[in-house]
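Here's a quick briefing to read with the model open beside you.

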Amino acid sequence: MAANYLASDELGADLERQVLTSDLQSTNRRFERACAHVRYLQRTLDDLKKLYHRSLESGNRAVQYKYKIKLSVIMGIKCYFYDYACEKAQDVAEMRYKLGLLEPSSDDSLSEEGDRGNSDDDDVFFG
């Protein structure tokens, strides 16, 4: 009877590892897609900044307003995707740690400060 219990305990641990591995792959895909969206949104922001600065030089206030609104909306969307990517990165790190693929670290490299704390996106409006 004890051998039966031991075998079922090993089976449970193996099943849990398989489920965790599957969850890790799924979460990693979500993280990578969120990162791709952040990169795309950053390229879009860069293009809009160029257009906005060009409209400043031309003095066309209607176009300036249009680009300023678009910039603020895209910045907001980028922040949401960035937060989501940070959350998924944290989940991936926790799952890798549980699987024994990652050593614990005292460095909190996945903090909320990241790029947003000292972003140069504000210079479009204030500089």
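Predicted model: local features only at pLDDT ≥ 70, side-chain atom pairs only at ≥ 80, totals over all residues.

Residues are numbered from 1 along each chain as its sequence is written, and side-chain values use heavy atoms, with hydrogens and water left out.

**Overall fold**

- The protein has three helices and zero strands, and along the sequence the pattern reads α-α-α. Helices here are DSSP runs of H or I with at least four residues, strands are E runs of at least two, and numbering starts at the N terminus.
- Of the 127 residues, 23% count as buried, meaning under 20% relative accessible area; exposed is over 50%, and partly exposed is in between (1.4 Å probe, protein chains only).
- The protein exposes about 9500 Å², with carbon and sulfur atoms supplying 53% of that. Areas come from the Shrake-Rupley method with a 1.4 Å probe, and for residues only the protein chains shown count as cover.
- Among contacts (heavy atoms within 4.5 Å) with a separation of 6 or more, 74% join residues 24 or more positions apart.

**Helix 2, end to end**

- Helix 2 covers residues 61–99. Its 39 residues should span 57 Å at 1.5 Å a residue, and its end C-alpha atoms are 56 Å apart, which agrees. The expected span is 1.5 Å times one less than the number of residues.
- After the helix comes Gly-100, whose phi is positive, near 85°.

- Thr-27 sits in helix 1 (residues 2–58) and counts as buried because its relative accessibility is 7%. Leaving aside residues up to four places away in sequence, Thr-27 touches Lys-88, Asp-91, Val-92 and Met-95.
- Ile-74, in helix 2, has a relative accessible area of 16%, so it is buried.
- The C-alpha atoms of Ile-74 and Thr-44 are separated by 7.9 Å, though the two residues are 30 apart along the chain.

**The salt bridge**

- The count comes to one salt bridge, defined as a side-chain nitrogen of Lys or Arg within 4 Å of a carboxyl oxygen of Asp or Glu.
- The partners are Lys-88 and Asp-91, with their closest N and O atoms 3.8 Å apart. They are three residues apart in helix 2, so about one helical turn separates them.
- Lys-88 is buried because its relative accessible area is 13%, whereas Asp-91 counts as partly exposed at 24%.

**A nonpolar surface patch**

- Tyr-65, Ile-69, Val-73 and Ile-77 form a nonpolar patch on the surface, with about 370 Å² of accessible area together. Patches take residues with over 30% relative accessible area and no salt bridge, joining like charges within 9 Å and nonpolar side chains (Val, Leu, Ile, Met, Phe, Trp, Tyr) within 5 Å.
- Ile-77 lies in helix 2 and is partly exposed because its relative accessibility is 34%.
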